[in-house]
Each structure stands twice: as structure tokens, then as C-alpha cells.
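These are my notes from one sitting with the model. I took the entries in the order I looked things up.

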Amino acid sequence: MDINEILQKKLDSRISAIKAADIRSEQLRREIPAVAEIDTSLRAVSLKIMDAAINGKEELIEKIISVKNENDNLLLKRASVLEQNGYSADYDSPKFSCKLCSDSGYIELNFCECVKKSFNTDQYTGSGLGKALYNKDFNNFSLKYYNSKNNSEFTARENMTMIFNDCKRYSQRFSPSSDNILMIGGTGLGKTHLSAAIAKEVLSKGYLVIYDSAQSIFDGYEAVRFGKDNRENIKKYESCSLLIIDDLGAECMTQYTVAVFSSLLNWRIVNSKPTIISTNFTPQQIKKSYGDRIYSRLLGEFKIMRFSGEDIRLIKISETKPE
Ligand SMILES: [Zn+2]
């Protein structure tokens with residue numbers, strides 16, 4: 001849902017809360033004659049207020065104050081009549097889901113917290129970032145698992161520190177025309193963690209982010225192709241501000257999936273929409289599996305991040321094993 005749909009939903013719930021309250025008021029007037037009488041007087045008082053506002057001159061304020069007192073007294077009387085008859089005083093006042101904005105969605109000219117909250121939750125659930133990825137952010141990414149022994153130009157830890165900083169900077173400075181990123185490296189080197197961390201940060205800025213595995217994206221296109229799903233459900237891969245394709249190469253590859261990948265990639269590049277892809281494949285494997293065109297697209301249009309080190313999941317498991 002975009003923000004307009006959320007506001008519309010709020011407004012709908014406001015209108016139905018008011019309607020339901022009106023129905024309860026009518027019920028009270030039917031059941032309790034005293035309430036019907038008071039409501040007639042309240043209506044007369046509100047006409048007096050309008051009349052004072054239109055016709056009153058010098059004595060306007062005094063008039064409004066006296067009518068206002070009359071109004072308050074009637075409301076007090078109404079509340080006590082309701083209680084005498086076993087109803088709570090607010091029995092027929094509208095029950096809004098948000099007490100701050102009475103479901104109008106606004107507080108003065110700003111969006112109410114309830115609107116911001118449902119926007120974020122909605123973005124989050126729609127993003128594909130499930131529970132497993134929820135706890136992956138920049139704060140809990142540990143560099144200590146990367147080897148700091150110097151057996152090449154950079155140690156794995158130095159390399160990963162640079163990648164970590166690049167990813168953090170990327171998410172903090174994200175704009176709809178940010179770079180594309182290709183994360184290359186073996187299993188368990190933190191590609192998923194860092195791409196989920198980017199997704200979370202970019203989502204919190206209010207951008208539409210879609211995070212999905214290559215397999216699930218291609219399955220989606222396949223389902224539409226065979227009429228099993230609506231095209232609307234794959235449009236998000238094209239229209240989102242940031243698309244994160246996890247684990248390219250793990251999918252069941254066919255000529256069709258290669259064609260889908262190629263056209264999705266092309267569409268996003270032509271429309272300057274950033275994409276992040278993570279893969280266990282080496283550049284050579286990408287070339288072999290997806291062909292020259294995709295290979296040169298990826299190498300030409302994507303910033304390459306080469307993840308290095310040893311499988312962190314294995315290191316973590318061996319750490320928790322008793323001696
Ligand atoms: Zn609210």
C-alpha cells in the first residue's frame with residue numbers, strides 16, 4: 001500500500017466509526033426519551049452557536065460563552081442519564097482505532113504516528129524481508145570472523161571492512177539513482193546479511209525495497225506466463241526503488257529464466273533503477289550460465305564486491321561446540 005491508500009483506509013475507518021456511533025445514538029433516543037429530549041436541545045444549542053457566529057457583533061464572545069455553557073450542561077446531563085440507564089457515558093461516541101488523530105491520519109498538517117507506523121510495517125511485510133532477515137543489520141555484522149592473516153594483498157578482514165563500509169555508506173546515501181551492486185563470493189561470507197542490512201536501512205527511509213531469491217522471482221514470472229498468477233504480482237520487481245536478488249545461480253535455470261533475468265535486468269538499467277544481486281557464482285560461471293550479454297551487463301553496470309574469507313556459519317557452529 002502506498003501512503004494514499006493508507007490514508008484512504010484510515011478515512012474509511014473514520015467514516016464507519018462515525019456511522020456506527022450514529023446508529024447507537026438513535027438506539028439510545030428510541031430507548032430513553034430523556035436522551036431524545038436532550039439531543040433536541042443540543043441541536044438547538046448548536047444552531048444558536050452558528051447564529052451567534054453569523055449575526056453577533058460586539059457581544060459575540062459573551063454569547064458564545066453562554067451558549068457553550070448551556071452545551072456543556074446538556075452534555076453532563078446526557079452522560080448521567082445514560083449512566084442511570086446502564087450505559088457508559090461514551091456509549092455512542094465514535095470508537096476510533098487511533099485516539100491521537102481520530103482516524104483522520106493527520107495531526108495538524110503532519111501525518112499521524114499511526115499512518116507512519118502502518119506505512120513502515122506495510123513496506124516491511126511487502127519487501128520480502130522475513131523473520132530470518134529481520135535481525136540482520138549493520139550493528140550486528142561482526143568482522144571478527146574474517147581472517148586477518150596476511151596471505152594476499154589484503155587480508156580477508158581488511159577486504160570485508162571495506163565492503164562493510166561501502167554497504168553502509170550506500171544505504172545511508174541511497175537515492176533512486178544509486179549504483180547497482182554485484183556481491184560475489186562463496187557461501188557463508190555475509191552477502192545475505194549485508195544485503196538485508198541495506199534493505200532495512202533503505203526501507204526505513206521510505207523507499208520501496210523488494211528482497212527476494214532469484215528462484216522465487218523467476219517462479220513468479222513463470223506463474224504469470226502460465227496464467228497461474230496476476231501480472232500485478234511481478235510488477236513490483238520492475239517498479240520498486242531497490243530490487244535485491246538473493247542467491248543468483250541457485251535457481252533451477254532454464255532458457256526461460258535466463259530470458260526473464262535478462263529482460264528484468266535490462267528494464268531496470270534502462271530506467272536507472274538500482275539492483276543488488278548476490279551470487280555464489282564466479283564471473284566465469286556467470287558467463288557460462290547466463291551468456292555473454294548478461295555477463296557484460298553485470299560487469300559493466302554493476303559495482304563488484306568480492307566477498308572473501310571462510311564460511312562464517314561453519315566458524316560459528318564450531319565456536320558453540322563444547323571442547
Ligand atoms: Zn493516528
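**Entry 1: a salt bridge at K200**

I started at K200, which is partly exposed, with a relative accessible area of 22%. I had a predicted model open, not an experimental one. I then looked up the partner of K200 and found a salt bridge to D137, with the closest N and O atoms 3.8 Å apart. K200 sits in helix 7 (residues 191–204) and D137 in the loop between helix 5 (131–134) and helix 6 (156–172), so this pair ties together parts that are 63 residues apart in sequence. I checked D137 for cover as well: its relative accessible area is 22%, so D137 is partly exposed.

**Entry 2: other salt bridges**

How many salt bridges does a search of the whole structure find? I noted eleven.

I looked at D103 and K10, whose side chains meet in a salt bridge at 3.8 Å, N to O. This pair links distant parts of the chain: K10 is in helix 1 (residues 3–31), D103 is in the loop between helix 3 and strand 1, and the two are 93 residues apart. I found both D103 and K10 buried.

I went on to R78, which forms a salt bridge with D92; the closest N and O atoms are 2.8 Å apart. R78 belongs to helix 3 and D92 to the loop between helix 3 and strand 1, 14 residues apart. R78 and D92 are buried. I also traced shared partners and found that salt bridges join R29, D39, R78 and D92 into one network.

**Entry 3: the zinc ion**

Which residues are the protein donors of the zinc ion? I listed the SG atoms of C98, C101, C112 and C114, lying 2.3 Å from the ion. Their spacing in sequence reads C-x2-C-x10-C-x1-C. C98 is in the loop between helix 3 (60–84) and strand 1 (106–107), while C114 is in helix 4 (residues 113–127), so I noted a pair that links distant parts of the chain, 16 residues apart.

I asked why the arrangement counts as tetrahedral. The four donor atoms subtend angles of 106 to 111 degrees around the zinc ion, which makes it so. For reference, the ideal angle for four tetrahedral donors is 109.5 degrees.

Are C98 and C114 buried or exposed? C98 has a relative accessible area of 8% and is buried. C114 counts as buried too, at 17% relative accessibility; the cut-off for buried is under 20%.

Strand 4 pairs with strand 5 (residues 242–248) in the parallel sense, over five bridges. I looked up V209 and noted L242 in strand 5 as its bridge partner.

I then picked F218 in helix 8 (residues 214–225). F218 counts as buried because its relative accessibility is 2%. I also checked F218 against V260: their C-alpha atoms are separated by 7.0 Å, and the two residues are 42 apart along the chain.

**Entry 4: a nonpolar patch**

What makes up the nonpolar surface patch of about 350 Å²? I noted L47, M50 and I54. L47 has its place in helix 2 (residues 33–55).

Notes. Residues are numbered from 1 along each chain as its sequence is written. This is a predicted model: local features need pLDDT of at least 70, side-chain atom pairs count only at pLDDT 80 or more; totals for chains, interfaces and linings use all residues. Side-chain values use heavy atoms; hydrogens and water are left out. Patches are made of residues with over 30% relative accessible area and no salt bridge: like charges are joined within 9 Å, nonpolar side chains (Val, Leu, Ile, Met, Phe, Trp, Tyr) within 5 Å. Accessible areas come from the Shrake-Rupley method with a 1.4 Å probe; for residues, only the protein chains shown count as cover. A salt bridge is a side-chain nitrogen of Lys or Arg within 4 Å of a carboxyl oxygen of Asp or Glu. Helices (H or I, at least four residues) and strands (E, at least two) are DSSP runs, numbered from the N terminus. Donors are N, O and S atoms within 2.8 Å of the metal (3.2 Å for Na, K and Ca); water is not among the atoms, so sites may look incomplete. Four donors count as tetrahedral if all angles lie between 85 and 135 degrees; four count as square planar and six as octahedral if opposite donors are over 155 degrees apart and all others between 65 and 115; anything else is irregular. Buried means under 20% relative accessible area, exposed over 50%, partly exposed in between (1.4 Å probe, protein chains only). Two strands pair if DSSP finds at least two bridges between them.
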